[in-house]
Amino acid sequence: MVANRLGKHSNVGTPPRAWLIGAAAWAVPGAGHLIQGRWVRALLLGASVWIVFFLGLALGGHLFSVSGKDQGFAILLQLLPMIANIGVGLPYIACWILNVGFVEKAQLVTFEYGNTFFLAAGLLNYLAMLDAFDIAAGRKE
Amino acid sequence: MKHLLWMMLFSGLAAVVFAVVSKGSGRRRLTYGLKVFAEFLVIALVLGWILYFIPFR
């Protein structure tokens, strides 16, 4: 019975297309559902994540990254929020290349809001990515 | 007031994502989304008032 349950939920038999769609959903918020022709879902999820991300930028939030300067516990303090930030996909990488959003703007009243919006954008996109993956794998309608 | 509006915007957008990825009929999702939105606001306001009365300094 346990083996049956494990078999039912294991990744054996997951089509490679589902992994590609999952990757696309991570890279560009909304793309995973758009590829599958789920226009309404793509619009709602994509728009929500993009708006949250750009609001984070507008409010003066900063994106986290682990640098060589961080030691010990400081690495963990940077790593966990960085994982959340990376969830937004290519926008994070674009900001990293352009060096936008990585500077802390503590002088702004809303900078903490910005940080929260950035973190939420990544985490919400992880949810959207898993949803797109599940649909592509046939685990969800 | 602006802070409350930012919080409402954040709650609304997060609730949209939660509602869309949830299971069930369209109506059920809408109800769930509204519930999540209300929960975000109520919990934030309650926590805000609790923290207001705690002297940190």
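Guide: We may start with A:L57, which lies in helix α4 of chain A; helices here are DSSP runs of H or I with at least four residues, strands are runs of E with at least two, and both are numbered from the N terminus. This is a predicted model, in which local features need pLDDT of at least 70, side-chain atom pairs count only at pLDDT 80 or more, and totals for chains, interfaces and linings use all residues. Residues are numbered from 1 along each chain as its sequence is written, chains are lettered from A and ligands numbered from 1 in the order in which they are written, and side-chain values use heavy atoms, with hydrogens and water left out.

Visitor: Why is A:L57 called partly exposed?

Guide: Buried means under 20% relative accessible area, exposed means over 50%, and partly exposed is in between (1.4 Å probe, protein chains only). A:L57 has 26%, and is therefore partly exposed. A:L57 touches A:V100, A:G101 and A:F118, leaving aside residues up to four places away in sequence; contact means heavy atoms within 4.5 Å. The C-alpha atoms of A:L57 and A:F111 are 9.1 Å apart, although 54 residues separate the two along the chain.

Visitor: What makes A:H62 buried?

Guide: The relative accessible area of A:H62 is 9%, so this residue counts as buried. A:H62 is in the loop between α4 and α5 (73–86) of chain A. With residues up to four places away in sequence not counted, its contacts include A:N85, A:F102, A:E104 and A:F118.

Visitor: How do you know that α4(A) and α7(A) are roughly antiparallel?

Guide: Helix α4 (residues 39–58) and helix α7 (residues 111–136), both of chain A, pack at about 160°, with axes 7 Å apart. Angles under 35 degrees count as roughly parallel, over 145 as roughly antiparallel, 65 to 115 as roughly perpendicular and the rest as oblique. The pair is therefore roughly antiparallel.

Visitor: Which residues of α4(A) and α7(A) meet?

Guide: Among them are A:L45, A:V49 and A:L57 in α4(A), and A:F117, A:F118 and A:L124 in α7(A). The residues of this contact divide into 13 nonpolar, three polar and two charged (Ala, Val, Leu, Ile, Met, Phe, Trp, Tyr, Cys and Pro count as nonpolar, Asp, Glu, Lys and Arg as charged, and the others, Gly among them, as polar).

Visitor: How many helices and strands has chain B?

Guide: Chain B has two helices and zero strands. Of its 57 residues, 25% count as buried.

Definitions and conventions
Axes fitted to C-alpha atoms, helices over the stretch in contact; angles between N-to-C directions.
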